[in-house]
Each structure stands twice: as C-alpha cells, then as structure tokens.
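Visitor: I have this one open and would like to go through it with you piece by piece. Could we begin with the overall surface and then move to single residues?

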Amino acid sequence: MGETRKRGRTAKTQASTNETMDFQYTAAAQNDAVAPQNDAVAPQNDVFVAANEAVSNATANNDANNPPLARRVRGRPRKSGAGHTEDTDPHVAASPERRPYQNGAVVLEPPPQPVTKWESVAARVVPAMDAVVKVFCVHTEPNYSLPWQRKRQYSSSSSGFIIGGKRVLTNAHSVEHYTQVKLKKRGSDTKYLATVLAIGTECDIAMLTVSDDEFWEGVSPVEFGDFPALQDAVTVVGYPIGGDTISVTSGVVSRIEILSYVHGSTELLGLQIDAAINSGNSGGPAFNDKEKCVGIAFQSLKHEDVENIGYVIPTPVIMHFIQDYEKNGMYTGFPILGVEWQKMENPDLRLAMGMKSDQKGVRIRRIEPTAPESHLLKPSDIILSFDGVKVANDGTVPFRHGERIGFSYLVSQKYTGDTASVKVLRDSKILAFDIKLATHKRLIPAHTSGKTPSYYIIAGFVFTAVTVPYLRSEYGKDYEFDAPVKLLDKHLHAMAESIDEQLLVVSQVLVADINIGYEEIVNTQVLAFNGKPVKNLKSLANMVDNCNDEYLRFDLEYQQIVVLQTKAAKAATLDILTTHCISSAMSDDLKT
C-alpha cells in the first residue's frame, strides 16, 4: 500500500470465485478484482483497491485530525467517485448545548464527547509507535513486452516496523522490483539504506535490515500478540498518503476468514477490520490493547456500497514467514495439497460415491501432476481428514469456538517439505497416506519472484514464456477479458506436466526482409520445433542454435507454421538486433 507517483490505464470491476480449489492461488479474475496495493496504475472500478492508491477523500473523512473535504447534508447521497466510498445515510450532527454568558448572551457549545474503547486503545499503543518506520523505495519494473528493457523507475512510500534481531517487516509489494530501499524512524530526519533479506510474495511480507548501528539505537522492537477474536479492538499505525508524521486509525476485528491476497494471488488466513487503511499504510502494524502486534495492514476494500473495510495479515501468517526464513535462510513459500476438489453437500452424490451417513468430506476432481501426492491420490477419492482434523462436506474445518474455516488453512500452517497425514475414501474403503507437501508449480506463474523475464530472438521472432505479469503488460488489467481465449483457458485450468514446463509464445515479430508474411503473428503459442515438442524456452533456444537442418520449422497453434532457411535466419538475427538496439539474442538465464 505504498503511495506511488505514477499514472496508467483503468480497469473494469470483476470479481469471481472458485470455491472448488484447494490451491492457495486464486483465479485471474479474483486476482485483479483485488488490485495490488502498490500498483501505481490505480483501477477506478476494482472491487478491492490497493491501499497505496491515492484516496485522499476517504483518508480525509476517516482521519479525525483532518477536517472533512466537503460538508455532508441531508438528502439523497451523491454517487461515489472511482475507488472511493461514501455514506449512504445522511450525516446527523450532535445537537449543540446552549450555555448563557454572564451578560445574558447565549453561545452554542458542543456537548462533551465520550472517550471510546478504540480511543483508549490508541492512547495505550503510543510507546510502540517509535518502532514504526517509513519505507522509501525506488522501483524499476521489467518491461515484459520488451524483455530486454526495463520501465522508467518510480518511487513509493509505505510503512514498516522493527522486530527482534535487527530486522524490519513491511509488505512485499512495497519493495517489489526494488532498486533502492531507505528507512526513516519516527521523529528522525535521516534516511538509512536498507538491505532486503527476504520477500514473501504469496503472503505479501518482506523482511529488511539496516547495517548502520545508529538506526537501532533507542528503539525497542515490536512484540507479537495472540491471534485476536471478533470485536477485539485494533489500532493501525503507519504513514498514509505519504505524510511525514505518524497516523493512527482504530477499529475492531469484524471478520476472520481465508481471503484473497491481491499481490500474492493466493488465499491465506486474514483479518477484516473497520479501521481506515489508506495509501501508504502498507506494512504498518496493527496493535491490540496490550501494545502487541496482531497483524500487518496490506489492503482495503473500496466500493460505493461499502466503507472502512481494511484487511490485515494475521500473526500466524507472519510467524510462518519469519520461521520459514530462520529455518531455511530464505523464504521457501507456503505449501499446498495440490488438488482441485468438489463439495459433497448433495446427498445423492454422497450415496453414489459410497459414503456412509456419518462420513463427510470433499471429492478430488483433479491432481496436480507435479505434486508429490500425484502417485498416491486419485481422482474421485474423498478426502475425509487432514492431519486428524475431519473435513466437512463444504470443505471447512472447525476453527475456534463457533467458527469454521476452509481446510486449506491447515495446509498453510505446514512448511515446504513437511509431511501430512491424509485419510481418503476410495471404493468404500478408508485409506491413509503420509504426503510430503510442496509449493505449487503453475504452468503460467502468477509472479516471477523478482527475476527478469526470459526471451529468445531468431530472425526477428521474439519467443517468451507466458506469465501473469506478461499478460498484464500486454493487455492491461483487463487481461482476463482481452487476452486470447486459449491463453486464458491455460491460465485458469491447465496444469504443468513437469517442473520445468513453460507455455511459450511468439510475442511479436521484429519486421525484416527475412520474415515477410509473418509480421502479424502476435502472442501465438509455440507447440513444436522441427517436429519435436517444445518443453520450455531454454530447450527451444538449444534446439534452434544446434540445428543443422536446411530449414527452421515452428509449429504454432491453430495449425499455423513458420518456415525459415536456417543459415539466412541466423545471419539476419545480428542485423535485426543491431537495428533494434538489442544487446543479446537471448536473456542471461538461457546462457547458463
């Protein structure tokens, strides 16, 4: 939710759900319905709006220290602006109290306001505020459409806080594609250069440190508290809208559920609060009434029908990230079970699958071929329990008193490489398996983990691997509507058959004499080269470079082919690279 200074195109509102997925990764429509918070391109109609988007009107109305931007009157409410919320009921002011002067004159004086629970909480967390820092980042994002280049750099500001071990936590999107990161303490005029230790894309958390010992002087690290309950008071502290002084907003925990993490394109445990979270609040801590951190602010909901709905990364997810880093010396990610499942709420379906009246569970639809359990589990197996916890017909498990939550929560509590006990019903028999959990391999990755995009050029044909950032670069935030249907189908439904499999396309054709007639080929999938299936970009580059045949033949989708004379194609490549000022015919990762 870092505040950015950058403009771009707007996107349409799109919200969809996929309730039959065990994957923590959400579908494309879900990912863009919730806009990334540090995305400098501010969508005007997205359901979920990044908290780093400039929403000055909402902030002014929510910050008790600022006057309202416009006087509210009785009557029909106005339509809200893009990405903003507005009261649906008329605002009623408190009746003033009349008090007479000694000379008989009368003055209107407002009645005293009672001190609320949340205001008292805010007062108690004052000592912990000194550990909250402002994060300054310069981003240089890769140009996925022209992968040999980078885009113009831009700056953002967000929040963070100091924890034990001389470390600072903030949001991953606050330092995504970072070139330089600096931190400034509360009340200080000095910015300290920071080093990024780990970035957890899925959970939207990043860990930083500062080598200058002066930065750590006089500051006590934030301590983490217990997982909050519904209606517990919380106070969010940070630097919204790029302000240089600290800002405090208070509210309560209004919902606890598995929710969509916009930046991570995942589904993890999250807290919904009614405290205002605005641009620049990203990475700031949420405190309870005991001055303990119970979460990290990371996104908010902006829509004309709602107001003051923010989201916080809870302590279980934060501790998973920290312990993962301490255990492995790096961030390894959140494991998944690797199956798509179907609810078993229909009684006829349960009878047809051989389930008894006292048995509950979910049916496995498909299994990820790259998942460790692919050789153990089978389609139509009924998952009865995970690590001894029974799974209901709707895919939920018990979660504290009077609450239920998706069973993917149990999976997310594990670490990569851990073993879990899974009981399934197969042919009316109960079978138990010990399954080793791993991270998800997607055919079209949602993120590139900070790596520059790969490419290969021959005779002006630019080959690249399809990723979600690439689709977004080519088709904007509406890529789930505007991208080719076949690419979207593979993005939403296709599964990688091997760890190193990639989906390759001819991104574009750099026009030259040798490729006359092929100029209109754009974002077309590559299926085979000289009769051999193409597995990934590196294998394609090796096959072309080592080809001694007279012709280079590329089989594309829709039975389209490209044929080039081998010697002429290789000779023309150098001239094309020179014409377009491209330093190399392939990205560095393909050269190793």
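Visitor: What does the accessible surface of the chain come to, and what percentage belongs to carbon and sulfur atoms?
Guide: The accessible surface of the chain comes to about 27,600 Å², and 49% of that area belongs to carbon and sulfur atoms. Please keep in mind that this is a predicted model, and that every value I quote is computed from it.

Visitor: How much of the chain is buried?
Guide: The chain has 592 residues, and buried residues make up 53% of them. The secondary structure of the chain consists of 11 helices and 32 strands.

Visitor: Let's look at a strand. How many residues of S6 are buried?
Guide: Strand S6, which covers residues 154–163, has nine of its 10 residues buried, and can be called mostly covered.

Visitor: What happens in the turn between S6 and S7?
Guide: The two strands form a hairpin with three residues between them, and Gly 165 in that turn has a positive phi of about 80°.

Visitor: How many residues lie between S31 and S32 in their hairpin?
Guide: There are four residues between S31 and S32, and in the turn Tyr 558 takes a positive phi of about 60°.

Visitor: Which residues make the nonpolar surface patch?
Guide: Tyr 551, Ile 561 and Val 563 make it, and the patch has an area of about 240 Å². Ile 561 lies in strand S32, which spans residues 561–565, and this residue counts as partly exposed because its relative accessibility is 37%.

Visitor: Changing topic: how many disulfides are there?
Guide: A search of the whole structure finds zero disulfides. As for individual cysteines, Cys 203 has a relative accessibility of 0% and therefore counts as buried, whereas Cys 581 is exposed, with a relative accessible area of 70%.

Visitor: And Glu 373, is that buried or exposed?
Guide: Glu 373 is buried, because its relative accessible area is 0%. Its place is the loop between strand S19 (362–367) and strand S20 (382–386).

Visitor: What does Glu 373 touch?
Guide: Leaving aside residues up to four places away in sequence, Glu 373 touches Leu 337, Gly 338, Val 339 and Ile 435. For Val 339, which is 34 residues away along the chain, the C-alpha atoms are separated by 9.1 Å.

Visitor: Where is Leu 259, and how accessible is that one?
Guide: Leu 259 is found in strand S13 (residues 247–261), and with 8% relative accessibility, which is under the 20% limit, Leu 259 counts as buried.

Visitor: Which residues does Leu 259 touch?
Guide: Beyond residues up to four places away in sequence, the contacts of Leu 259 include Thr 266, Leu 268, Leu 271, Phe 298 and Tyr 311. Leu 271 is 12 residues apart from Leu 259 in sequence, and the C-alpha to C-alpha distance is 8.4 Å.

Visitor: Last one, a helix. Which residues of H7 are buried, and what do they pack against?
Guide: In helix H7 (residues 468–475) the buried residues are Val 468, Pro 469, Tyr 470, Leu 471 and Tyr 475. The buried residues of H7 pack against strand S27 (461–465), helix H8 (479–482), helix H9 (485–493) and strand S28 (504–509). Just after H7 comes Gly 476, with a positive phi of about 75°.

How values were computed. Residues numbered from 1 in each chain as written. Predicted model: local features only at pLDDT ≥ 70, side-chain atom pairs only at ≥ 80, totals over all residues. Heavy atoms only, no water. Buried < 20%, exposed > 50% of the residue type's maximum accessible area, 1.4 Å probe, protein only. Contact = heavy atoms within 4.5 Å. Disulfide = S-S within 2.5 Å. Areas by Shrake-Rupley, 256 points an atom, 1.4 Å probe, with all protein chains shown as cover. Pairing = 2+ DSSP bridges. Patch = residues over 30% accessible without salt bridge, like charges linked within 9 Å, V, L, I, M, F, W, Y side chains within 5 Å. Salt bridge = Lys/Arg side-chain N within 4 Å of Asp/Glu carboxyl O.
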